[in-house]
Amino acid sequence: MRFEILTLFPGMFHSPFQESILAKAIEKGLIEIRIINIRDFATDKHQVVDDAPYGGGQGMVMKVEPISRVIEQIKSKDPSAWTIYLTPEGKPLKQERVKELSLRSHLILLCGRYEGVDERVRELFVDEEISIGDYVLTGGELAAMVLIDAVSRLLPGVLGSDRSAMEDSFSDSLLEYPQYTRPANFRGHEVPEVLLSGNHQAISLWRRREALKRTWMRRPDLLKKAELSEEDKKFLEEISKQMSLNGDNSHKR
Ligand code: 6GU
């Protein structure tokens with residue numbers, strides 16, 4: 001998978017891809033990341049990349065010409081490259097879309113800054129607009145990193161072979177069960193006994209139920225999409241009854 005990042009702040013990308021899993025993925029040639037400074041594609045003497053908005057108003061708008069040059073250059077070599085504009089106005093990113101994007105071979109990630117890009121960039125050069133959530137960042141750079149991270153970990157060979165991405169939260173629409181490691185007792189807080197029992201069937205059942213409970217309490221919206229067995233549904237009904245008996249409506253734990 002090839003990622004090309006179009007940004008006015010290339011320095012922001014210097015370290016995130018030099019650590020841990022993504023660094024190894026680059027080393028193995030599983031992903032390739034090119035950081036492109038849009039300013040390098042401004043042809044005027046002062047390399048201007050932004051300008052005041054027509055009609056007046058606050059802030060600056062990213063100019064169409066430099067961006068058009070970069071994208072056209074990339075696309076002339078690979079017409080299959082898919083261009084994503086990172087903006088809070090985009091469609092909120094979900095794991096489902098991450099999976100679909102991981103099937104592509106070449107993504108162009110355009111990072112918005114200031115008041116965004118000239119509308120003609122969106123009309124002519126952008127295939128898709130993505131947001132990473134309902135809050136506002138100073139620019140699309142961090143969102144591009146999030147997208148690259150989420151997509152990369154789904155590519156074959158990026159996570160260790162013992163570690164399937166398919167087992168994670170959201171791939172089956174449930175949150176993860178609690179994890180523990182040594183010591184068995186920390187300041188009187190003990191690891192659940194079942195995990196020390198060696199009874200794998202009992203451990204699996206406990207984990208499934210903890211995942212269901214946690215999802216029910218924190219993200220009940222996810223349960224609508226989850227694949228639930230009859231046993232799962234019965235267990236959730238039990239929790240729901242218990243909680244209403246206790247008058248417990250805390251969705252914190
Ligand atoms: Cl993609 N960009 C900015 N500036 N803010 C965001 C975002 C993107 N996604 C959520 N907030």
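A residue counts as partly exposed when its relative accessible area falls between the buried class, under 20%, and the exposed class, over 50%. In this predicted model, phenylalanine 9 has a relative accessible area of 32% and is therefore partly exposed. Phenylalanine 9 sits in the loop that runs between β1 (2–7) and α1 (20–27). Together with Met12, Met60, Tyr114, Tyr135, Leu137 and Leu142, Phe9 makes a nonpolar surface patch of about 590 Å².

The ligand is surrounded by 13 residues, and the closest are Thr87, Ile132, Gly133, Tyr135 and Leu137. How far is a backbone N or O atom of tyrosine 135 from a nitrogen atom of the ligand? The separation is 2.6 Å. For leucine 137, a backbone N or O atom is found 3.0 Å from a ligand nitrogen. Serine 131 takes part through its side chain, where an N or O atom is 3.4 Å from a nitrogen atom of the ligand. On its own the ligand has 290 Å² of accessible area, and the protein covers 96% of this.

Aromatic pairing comes next, and a pair of this kind is described by how far apart the ring centres are and by the angle between the planes. The search of the whole structure returns one aromatic pair. The pair consists of phenylalanine 13 and phenylalanine 17, with ring centres 6.3 Å apart and planes at 15°, so it is classed as stacked. The angle leads to this class because planes under 30 degrees apart count as stacked.

Turning to charged groups, side chains of opposite charge can pair when their charged atoms come close. The structure as a whole contains 18 salt bridges. One of them joins glutamate 4 and arginine 34, whose closest N and O atoms are 2.7 Å apart. Glutamate 4 is buried, with 2% relative accessibility, whereas arginine 34 is partly exposed at 31%. Both residues also belong to a network of salt bridges that links Arg2, Glu4, Glu32 and Arg34.

Another salt bridge pairs glutamate 100 with arginine 97, and here the closest N and O atoms are 2.6 Å apart. Both residues lie in helix α3 (residues 95–101), and their spacing of three residues is about one turn of the helix. Glutamate 100 is partly exposed at 39% relative accessibility, and arginine 97 is partly exposed at 25%.

In the salt bridge between aspartate 172 and arginine 208, the closest N and O atoms are 3.9 Å apart. Aspartate 172 is placed in the loop between α5 and β8, and arginine 208 in helix α6 (residues 200–218), so the pair ties together parts that are 36 residues apart in sequence. The relative accessibility of aspartate 172 is 37%, which makes this residue partly exposed. Arginine 208 is partly exposed too, at 27%.

Which residues other than glycine have a positive phi? Serine 20 is one of them, with phi near 55°; this residue is found in helix α1 and is partly exposed at 47% relative accessibility. Arginine 187 is another, with phi of about 50°. Arginine 187 lies in the loop between β8 and β9 (189–190) and, at 73% relative accessibility, counts as exposed.

A further serine shows a contrasting setting: serine 152, in helix α5 (residues 141–152), is buried at 0% relative accessibility. A polar atom of the serine 152 side chain lies 2.7 Å from the backbone oxygen of isoleucine 148.

Technical notes. Residues are numbered from 1 along each chain as its sequence is written. This is a predicted model: local features need pLDDT of at least 70, side-chain atom pairs count only at pLDDT 80 or more; totals for chains, interfaces and linings use all residues. Side-chain values use heavy atoms; hydrogens and water are left out. Patches are made of residues with over 30% relative accessible area and no salt bridge: like charges are joined within 9 Å, nonpolar side chains (Val, Leu, Ile, Met, Phe, Trp, Tyr) within 5 Å. Accessible areas come from the Shrake-Rupley method with a 1.4 Å probe; for residues, only the protein chains shown count as cover. A salt bridge is a side-chain nitrogen of Lys or Arg within 4 Å of a carboxyl oxygen of Asp or Glu. Helices (H or I, at least four residues) and strands (E, at least two) are DSSP runs, numbered from the N terminus. Buried means under 20% relative accessible area, exposed over 50%, partly exposed in between (1.4 Å probe, protein chains only). A residue is near a molecule or strand if one of its heavy atoms lies within 4 Å of it. A polar contact is a pair of N or O atoms within 3.5 Å; within protein, one must be able to donate a hydrogen and the other to accept it, and residues adjacent in sequence count only if both atoms are side-chain atoms. Rings of Phe, Tyr and Trp (its six-membered ring) pair if their centres lie within 6.5 Å; planes under 30 degrees apart count as stacked, over 60 as edge-to-face and the rest as tilted.
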